[in-house]
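Subject: Structure for you to look at

Hello,

Here is the structure I promised to pass on. Please open it first, then read the notes below.

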Amino acid sequence: MNKILAFETSCDDTSVAVIDTDYHVYVNLISSQVTHADFGGVVPELASRLHLKNIMQLTKAAMDKAQLSFDDIDAIAVSVNPGLIGALLVGVSFAKSLAYSLDKPLIAVNHMLGHIYANRLSHPEMMPPYLALVVSGGHTELVHFKGNEDFDIAGRTRDDAAGEAFDKVAKLLGLGYPGGPLVDRIAKGGDSHFVEFPRALNRKGNFDFSFSGFKTSVRNYLAKQNSAFIEAHLPDITASVQKAIVDSLVSKTIAYARMIEIDTIIVAGGVSANSCLRSEMTSRAKRLGIEVFFPEMQYCMDNAAMIGAAAVDKWHRKKFAPLDLNAFSTKGVRRI
Ligand code: KG4
Ligand code: ZN
C-alpha cells in the first residue's frame, strides 16, 4: 500500500492530507481563512498570502499528526485547476519543490474531480458509470462518467454557480459569508412554500442551470417587504430560497439520469453538504431505484484528502506530472 501527500489551495482553505491507495485517510488538516468574511467574499490576493503563510506549518503539523516522515510518502498530489490562480500557484509551487527535493513523483489533480472523488473516501467501491452533480461556490456541472477518464459535460450553469446563489442571497439577507451553511441552518423548520421563487431553464430537455434571474427575483421580493417582516419570516424565506435552488438541481439531475438510464448519482462540492439537497435528491432517486452517493460532511468542502483520493487512479496508472507543471484557472471538470 502506498501513501500520497496531498495539497489543496485553490480558494480560501489551505489543506494538507495524507491518504493511502486504499483511500484510508491518515490526516486531513484544513486551515480556513476567516479573514474573507469581513469582505463578504474571497479576496484573491489575501488568499494567496495566507496560503503562503500557512502551508509550511500545516504540512509539518500534518506529518506529525499522522506520525509519518517524508520517507513514508510515495507521491505528492496537488490541485492545479480550476481556482484562483495566485492561490493555486502557492500549492503547486510548494508541491513541486517537495517532489523535487524528496525525489517523489508529482500528481496533478483537477479540483472538481477531487470533489467527485471525495465520495471514494467512504465508498471505495464506487466505479463509473455514474452521473455526477458538481455544485460548489464557483461551479455547477452535471457530468456523465462512462469511465474514470471518460466523461461528458451534460449541463452547466450559464451564470452563477449554486453555491454562489446561496452566498449572494445570504448577503442580500445580511446573513454573512459563506451563506450556504447559514441559509441551511436558518431554513430548518421554515415553510419552503412561503414564497415561490422562479426555477430557471425549466424546459424539458434543457440540462443547463441558471441562478442569476432567481437572485434578482429574491432581491425584488425583499425590496417590497419591511425589515420586521423579513426578520419574522427569515426561516420561511430562507427555506423558500433553498427549495428553489435545490429543486432546479434535483429535477435536472434526475431527468438526465432517467434519460440516459443510469442507476447511480454522485453529488459533490461544497453545496453537497446542504441538508435539503441531500434529502430531496435521495428521496426522489430512491423512488426510481437510483442510488445516490454524497461525500461525508467533513469531505464536502474544499479539503486535501479528496485531492489525494483523485490521485489514486493516476498513481496506479503512473500518470505523473512533469516538474514544469503550471497552475491554471480554467473552469470546470477537465482532463489533465
Ligand atoms: O466546494 P467548496 O468548498 O468551494 C469551492 O470549490 O467553491 O464550496 C463552497 C460553497 C460556498 O458557496 C458555500 O456557501 C456552499 O459551498 N455551501 C453550502 C453548504 N455548505 C457549503 N451551500 C448550501 N448548503 C450548505 N450546507
Ligand atoms: Zn471546491
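Domain 1 and domain 2 bury about 1300 Å² between them, and carbon and sulfur atoms give 71% of that area. Buried area here is the accessible area (1.4 Å probe) that two parts lose on being put together, summed over both. Met112, Ile116 and Cys300 supply 42% of what domain 1 buries against domain 2, more than any other three residues.

Some ground rules. This is a predicted model: local features need pLDDT of at least 70, side-chain atom pairs count only at pLDDT 80 or more, and totals for chains, interfaces and linings use all residues. Residues are numbered from 1 along each chain as its sequence is written, chains are lettered from A and ligands numbered from 1 in the order in which they are written, and side-chain values use heavy atoms, with hydrogens and water left out.

**The two domains**

Domain 1 covers 3–117 + 299–316, and domain 2 covers 128–294. The bounds come from an automatic or database domain assignment. Their C-alpha centres lie 27 Å apart. In contact are 15 residues of domain 1 and 17 residues of domain 2, where contact means heavy atoms within 4.5 Å.

What crosses the interface of domain 1 and domain 2 in polar contact? The rule finds 3 residue pairs, both residues at pLDDT 80 or more. A polar contact is a pair of N or O atoms within 3.5 Å; within protein, one must be able to donate a hydrogen and the other to accept it, and residues adjacent in sequence count only if both atoms are side-chain atoms. Salt bridges across this interface number 0. A salt bridge needs a side-chain nitrogen of Lys or Arg within 4 Å of a carboxyl oxygen of Asp or Glu.

On the side of domain 1 that touches domain 2, helix 3 (111–117) and helix 10 (304–316) are the elements giving two or more residues. Helices (H or I, at least four residues) and strands (E, at least two) are DSSP runs, numbered from the N terminus. Helix 3 gives the largest share, 5 residues.

**The zinc site**

Helix 3 also holds His111 and His115, 4 residues apart, about one turn of the helix. The zinc ion (ligand 2) has His111 (NE2), His115 (NE2) and Asp302 (OD) as protein donors, at 2.0 to 2.1 Å. Donors are N, O and S atoms within 2.8 Å of the metal (3.2 Å for Na, K and Ca); water is not among the atoms, so sites may look incomplete. The spacing along the chain is H-x3-H-x186-D.

**Salt bridges**

The structure holds 15 salt bridges. One of them joins the side chains of Arg120 and Asp313 (3.5 Å, N to O). The pair links distant parts of the chain, 193 residues apart: Arg120 is in the loop between helix 3 and strand 6, Asp313 in helix 10.

**Backbone points to check**

Most residues other than glycine have a negative phi, and most peptide bonds are trans. The bond from Pro128 to Pro129 is cis, with omega near 10 degrees. Tyr177 and Pro178 are also joined by a cis peptide bond, with omega about -10 degrees. Pro178 sits in the loop between helix 4 (162–172) and helix 5 (179–186). Tyr23 has a positive phi, near 70 degrees, and lies in the loop between strand 2 (13–20) and strand 3 (25–32).

Best wishes
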